[in-house]
Amino acid sequence: MARKLGRTLSDDLGRWTLITLALIFVLLPIVWLAIASVKTRNAALAIPPEFIFTPDFSAYARIMSGGFLGAFQNSLIIALSNVVLTLVLGVPAAFALTRMHGKVQENLSFWLLSIRMAPLFAVILPLYVLFKSIGLLDTPIAVSLAHLTLTLPLAIWMLVTYFRSIPVDLDHAARLDGANAMQILWLVIIPIARPMLASVAIIVFIFSWNEFLLAFILTSRNAQTVPVAVASLAGTMSFDWPLIAAVSVASMLPALIFVGFAQRHIVSGLGSGAVK
Amino acid sequence: MVKDWRFWFVIPTVLALGTVVAFPTGFLLWMSTAHWVVTEPGVYFNGAQNFQTLFASSAFLSATGVTLAYLTLSTAIMVVLAFAFALALAGPHSSGLLRALMITPLVIPPVVVGFTWRFLLNGEIGFIGAYLLPAIGIEANLLAEPLGALFSIVIADVWSRTPFMFLIFLAALQSIPRDYYEAIRLDGAKRFHEFFLITLPMMKGAISVAILFRVIDALNTFELIYVMTKGGPGRSTQTYSLLGWKTAFQGFDFGAAAALGVVMIVVTTIVALAVFRRFMRGV
């Protein structure tokens, strides 16, 4: 008994040391960024750092005056339209995939998986040429469509795992009642899958909101997204650290809010999707 | 087939992905064989010239080295950390709040991650680079030195991407049946027996999937490096994706950049096939 108790005690000690260190590592940058965003320019650069200071919110006011609201608007339009596109295309496709068998299903799944693994850089150049030739460069539509390369295979993959767990008997029962495939999906499957659909929507939104490379290559001025704006700010020589920090903090908000609400779904969605 | 509802459910997705992925990939293959410099007139077939120039260039050679070093170092650190965190938090008593905190970096835009770490590690004004490190006797402007810059990027990347691996490992750990441990414990097994005889073998699939995703992710890493060092100092942090961007949008040589894109596809395919062959038969 004593030996067992000793073992759990030392186990717990090791575990909690590890967890504490991990939390410091994870939280320090976020906290430091948030602190820098409410300092004055000089205070943000002071070494040794000032731990006690009067908060100064002028950096957030400079977001408004500096013309960054447009970037937030673009990001919102792009991410929301991407979520809608991804779900409208992905939900029926994922459902059909789980109700198929044999070679067609195997080949389609493999094709989707290989797209998920394709290096982004491989599609960027051709997409740039394509969008340029049809005059869509620097528009939110171009970025939103381009984001489908990332979000659609991801969403289908997560949904397939989930739809498999819904018994086919439900389809059969509905079919006996005279429902067609569209009605089965809309009236039977989607109501059951609502929590899963919500978490897929959230994950897709975050992917699209955070994505940089495609948005960076495909936009120049008008359709600039928040990550692109952050990068161009960080690339200027006269550093306004508090302003960059404030834009960064603001850019994290949507994702952090969602994670707060849907942590459980994100954990199970991303985790199980990856293993199965 | 056309009468089958499943056809109509799948075809929009196939068309959409065909337009934004399959067609571009085919187009890339063609581009890689073309002489296509945006600032020069004329686009014409050039055979394997782009590949020959690419393989002979010192920039490609150094990018290969940097990509390999960055990939190996960051993946190794990530696997160890993610495994340790997952073991620490897999128990039935660990709270959802702790897990939520652990995965926060995953939802922070990598651009912001890059900026934050550049700010933290800066040798003159950074909390870590100019305050914590000197306090323990390390006086170095990490981002200004070749090795230091590479290491800084690895740290930022580990911070940003370990949570994803952690999620995969957590899900896998929780799916190992408890009875296995109870059975082996009855036979008098010690902690390290449990780990090496049950946990590790049962996690093989998850580890290989995680590494596969990691390799793909690392080949795609762009903004973190772009914001932190732009590939410098010199070429010390210039990976394939940075080199590709510079070739295409600063050197305006679309043909050469496309050739590099083809190389990246080949590398990804080789890694994916290796992982599938080795670990995922029958999955």
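Reader: Which hand does the crossing of helix 3 of chain B with helix 9 of chain B have?
Author: Happy to start there, keeping in mind that this is a predicted model. Helix 3 of chain B and helix 9 (residues 191-220) of chain B pack with their axes 10 Å apart. Where helix 3 of chain B passes helix 9 of chain B, the crossing is right-handed.

Reader: Is helix 3 of chain B roughly antiparallel or oblique to helix 9 of chain B?
Author: The two helices pack at an angle of about 140°. Roughly antiparallel would need an angle over 145 degrees. Therefore helix 3 of chain B counts, relative to helix 9 of chain B, as oblique.

Reader: How many nonpolar residues are in the contact of helix 3 of chain B with helix 9 of chain B?
Author: From helix 3 of chain B come Tyr70(B), Leu71(B), Ser74(B), Thr75(B), Met78(B) and Val79(B). They meet Ile207(B), Ile211(B), Arg214(B), Val215(B) and Ala218(B) of helix 9 of chain B. Of the residues in this contact, two are polar and one is charged, while the nonpolar ones number eight.

Reader: Is Ala90(B) buried, exposed or partly exposed, and why?
Author: Ala90(B) sits in the loop between helix 3 and helix 4 (96-107) of chain B, and touches Leu170(B), Leu173(B) and Gln174(B), leaving aside residues up to four places away in sequence. Buried would take 20 or more other C-beta atoms within 10 Å, and exposed 12 or fewer. Because Ala90(B) has 17, the residue is partly exposed.

Reader: Which helix of chain A gives the most to the side of chain A that touches chain B?
Author: The contact takes 68 residues from chain A and 68 residues from chain B. Several helices of chain A each supply at least two residues to that side, among them helix 1 (2-37), helix 4 (69-98) and helix 12 (241-275). The most, 16 residues, comes from helix 12 of chain A.

Reader: And how many residues on that side of chain A are nonpolar?
Author: On the side of chain A that touches chain B, eight residues are polar and three are charged. The predictor gives the complex an ipTM of 0.85 and a pTM of 0.86. As for the nonpolar residues on that side of chain A, they number 57.

Methods:
Residues are numbered from 1 along each chain as its sequence is written. Chains are lettered from A and ligands numbered from 1 in the order in which they are written. This is a predicted model: local features need pLDDT of at least 70, side-chain atom pairs count only at pLDDT 80 or more; totals for chains, interfaces and linings use all residues. Two residues are in contact if their C-beta atoms, placed from the backbone, lie within 7 Å. Helices (H or I, at least four residues) and strands (E, at least two) are DSSP runs, numbered from the N terminus. Ala, Val, Leu, Ile, Met, Phe, Trp, Tyr, Cys and Pro count as nonpolar, Asp, Glu, Lys and Arg as charged, and the others, Gly among them, as polar. Axes are lines fitted to C-alpha atoms, for helices over the stretch in contact, and angles run from 0 to 180 degrees between N-to-C directions. Angles under 35 degrees count as roughly parallel, over 145 as roughly antiparallel, 65 to 115 as roughly perpendicular and the rest as oblique. A crossing is left-handed if the near helix is turned anticlockwise from the far one by less than a right angle, and right-handed if clockwise.
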